Amino acid sequence: PMTAFKSILNEDTACLLLYGEVSDEGGEGKISCRDIVNELMYLDSNYRSLSIRINSVGSDVYPGIAIFNAIRQCKSNVTIYIDGIAASIAGVIALGGKKVEMSRYARIMLHNVSGGCYGNKDDLRDMIRELESLESTIGEIISNRCRKSPDEVKAEYFDGKDHWLKADEALDMGLVDAIYDVEESVPDGSTTDDIYRIFTNRLELEQQPQNPDKMKLEDFKKIPHFANCADETAVMAMLGEIARRADKADDLEKENGELKEQLQK
């Protein structure tokens, strides 16, 4: 559900997470274009500022363009944060904010549009024309954000290779407005897959139900009975033993009370 991707930061600002592959209908681990656009329309009408955080390898082009256009049409102040990976069409979506900030660990990836078809030679030619048209559109979007013409963008980044840009490179190009730090410690030499997983794992942890009253292991170890417990398993075993002793104590207290009552009689 979309509520898993949305959080309200305060009465003026909401946050929307675009973590996963871009698609039309969505599904496990995927971003639904329909749900995202619907959520953007709601948030834009209710909040003055929107924060959109991205960690996506891209995927379907047309749903991505629809999300990009929906972001561009927002009247609220939209800031996009590239947390991990913004690759392929997700890299285009990332350029839709009024302001774009990028983690120093993150990556933007630009490359040719890919597609395919089955049919005769006319069908194949039509597919080539569609791919070329899409690349012209995407080249224009990128050009509007950086200091390169559409033709320069296509010549440099649509050459059949994947071009991975670090934060400082994207900043020098003008693709992003600022570089920010994050709390996550991303090891030196991390691959793009590592970076994507690190930020996706953060999302999964944040979505787990949190219990503010839950005691941590170090809290238990402050209690003398639990001081020698090495892990949570040992804590649970000790709790079980204490519970059994408490049950026996209750039984003895009850029996003692009954004996006292018989003596008085």
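Trainee: What is the relative accessible area of Arg129?

Mentor: This is a predicted model, in which local features need pLDDT of at least 70, side-chain atom pairs count only at pLDDT 80 or more, and totals for chains, interfaces and linings use all residues. Residues are numbered from 1 along each chain as its sequence is written, and side-chain values use heavy atoms, with hydrogens and water left out. A residue is buried under 20% relative accessible area, exposed over 50% and partly exposed in between (1.4 Å probe, protein chains only). Arg129 is partly exposed, because its relative accessible area is 47%.

Trainee: With which residue does Arg129 form a salt bridge?

Mentor: A salt bridge requires a side-chain nitrogen of Lys or Arg within 4 Å of a carboxyl oxygen of Asp or Glu. The closest N and O atoms are 2.2 Å apart, and the partner is Asp126.

Trainee: How many residues apart in sequence are the parts tied together by Arg53 and Asp83?

Mentor: Arg53 and Asp83 form a salt bridge, with their closest N and O atoms 3.0 Å apart. Both Arg53 and Asp83 are buried. Since Arg53 belongs to strand 5 and Asp83 to strand 6, the parts they tie together are apart in sequence by 30 residues.

Trainee: How are helix 4 and helix 5 oriented to each other?

Mentor: Helix 4 (residues 121-145) and helix 5 (residues 150-157) pack at about 110 degrees, with their axes 8 Å apart. Axes are lines fitted to C-alpha atoms, for helices over the stretch in contact (heavy atoms within 4.5 Å), and angles run from 0 to 180 degrees between N-to-C directions. Angles under 35 degrees count as roughly parallel, over 145 as roughly antiparallel, 65 to 115 as roughly perpendicular and the rest as oblique. Helix 4 and helix 5 are therefore roughly perpendicular.

Trainee: At what angle do helix 2 and helix 4 pack?

Mentor: Helix 2 and helix 4 are roughly parallel to each other. Their contact is made by Val61, Tyr62, Ile65 and Phe68 of helix 2 and Glu130, Leu134, Ile138 and Ile141 of helix 4. The axes are 12 Å apart, and the angle is about 30 degrees.

Trainee: What is the phi of Ser59?

Mentor: Ser59 lies in the loop between strand 5 (49-56) and helix 2 (61-72). Although Ser59 is not a glycine, its phi is positive, at about 135 degrees.

Note on methods. Helices (H or I, at least four residues) and strands (E, at least two) are DSSP runs, numbered from the N terminus.
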